[in-house]
Amino acid sequence: MSATEPSPAAARPPSRLSWPRRLLWLGLFLGVGFAAWWFLLRPPPQPPAAPSAWRGPVAVRVEPARTEDFTVQSRAVGTVAPYNTVTVRSRVDGQLARVLVREGQKVTRGQLLAEIDPEPLRVALSQAQGQQQQNLAQLRNAESELARYEGLFKRDAVARQVLDRQAALVQQLRGTLKSDEAQVENARLQLSYTRIVAPIAGRVGLRRVDAGNLLSANDANGLFTLTQTQPVSVVFSVPEPQVAEVRAAHDGKNPPTAEAWDRDNRSRLAVGRLDTLDNQIDAATGTLRLKARFENADDALFPNQFVNVRLALRQLPGAVTIPTDAVQHGSRGSYVYVITDNKAQVRDLTLGPASGGRTVVLKGLASGEPVVLEGLDRLENGRAVNVVQAPPLCSNVTRKG
């Protein structure tokens, strides 16, 4: 073998793994990886999922539509206003001798409320009466002289000028006497003002001046206020669209009934009648001011108290009504869910006025049909329902109004 020829070992190519052996090793590797995942990384088995409650029957509470006489009402917020409020003031200067009423006391018209020291005014009355007596004596003397001069004049024993002068003196003294009479009456009137009496019947407010203080005539603050509470009025406003209906009710044979309720609309305080309407609509607010009269025999209404007013405008006899909370509103208009064969059905409605939590149904529903009141959020047309009863009210709960 020559030096230039390659050896047989050097001429043979390097050995490689055959394809079957490669596939065998790949399968072995995948098997080991799957075994490791199965025993080490596989999540624990989950319990079978419960059936979804979303598509099951929906628990609802229903209330049947009913036929009743429905009262159309206008609701507003009002303020209790007394018919008369008087600030009791002194009409003369003097010392407040005594106060004869208590704060918050009810008084009648003409009742004595307080007294001012009358002695200075008694003295002034005596002076006026003394001056009157003095001028009266002078008048009588002048009249006697005039009668004597008239007799002498008939006998031509006195001049005409003397008679006329005496007659003028008599007229002057008579005028002076009239002035004296007026001064006496004025002094007597000023003396009567020392007794402060109630100009109206009402309730006494908080006292502003105590006994012993000096008072000035017509002082701005006064002694106290006197407020008439029986009867009392409530002033409220209605929007312009309701003015025509309110006027029609006011012009009827019987004035419409007005009810005053507390702030929470839970308790009725008093029942009265619409008294009067304002003569123009307020352009700034677009409302008309009204005044209702309440006898307020139990003093349930207090001046300047805020109340909710319900004004009855007209009656709808035999109307079909449903709870207002059952009415739904959407692009299709107003509708309710009616239960038929334990399934909810959408019913389009034509609605009338609403008041007191109930709405009149003009078209689309018959009396007695059950409408869904609670459970509306999961309902749809044709959905199965499970009707439940409302929980009974506790026996110790008292509903007011």
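**Salt bridges, pair by pair**

Guide: Start with R148 and E145, whose side chains form a salt bridge at 2.7 Å, N to O. The term covers a side-chain nitrogen of Lys or Arg within 4 Å of a carboxyl oxygen of Asp or Glu. The model is predicted, so local features need pLDDT of at least 70, side-chain atom pairs count only at pLDDT 80 or more, and totals for chains, interfaces and linings use all residues. Residues are numbered from 1 along each chain as its sequence is written, and side-chain values use heavy atoms, with hydrogens and water left out.

Why can such pairs form? Side chains of opposite charge can pair when their charged atoms come close. R148 and E145 are three residues apart in helix 3 (residues 119-154), so about one helical turn separates them. Helices here are DSSP runs of H or I with at least four residues, numbered from the N terminus.

Now the exposure of this pair. R148 is partly exposed, at 44% relative accessible area. E145 is partly exposed too, at 23%. The classes are buried under 20% relative accessible area, exposed over 50%, and partly exposed in between, with a 1.4 Å probe and protein chains only.

Helix 3 also holds A142. This residue is buried, with a relative accessible area of 3%. Setting aside residues up to four places away in sequence, A142 touches Q166, L169, V170 and L173. Contact here means heavy atoms within 4.5 Å. Q172 lies 30 residues from A142 along the chain, and their C-alpha atoms are separated by 10.0 Å.

Next, R268 and E259. Their side chains meet in a salt bridge at 3.4 Å, N to O. R268 is partly exposed, at 41% relative accessibility. E259, by contrast, is buried, with a relative accessible area of 15%.

Then E63 and R66. Their salt bridge has an N to O distance of 3.8 Å. E63 counts as partly exposed at 22% relative accessibility. R66 is also partly exposed, at 37%. Both residues belong to a network of salt bridges that links E63, R66, E68 and R358.

How many salt bridges does the rule give? The count comes to 20. Among them are the R148 to E145 pair, the R268 to E259 pair and the E63 to R66 pair.

Terms used: Helices (H or I, at least four residues) and strands (E, at least two) are DSSP runs, numbered from the N terminus.
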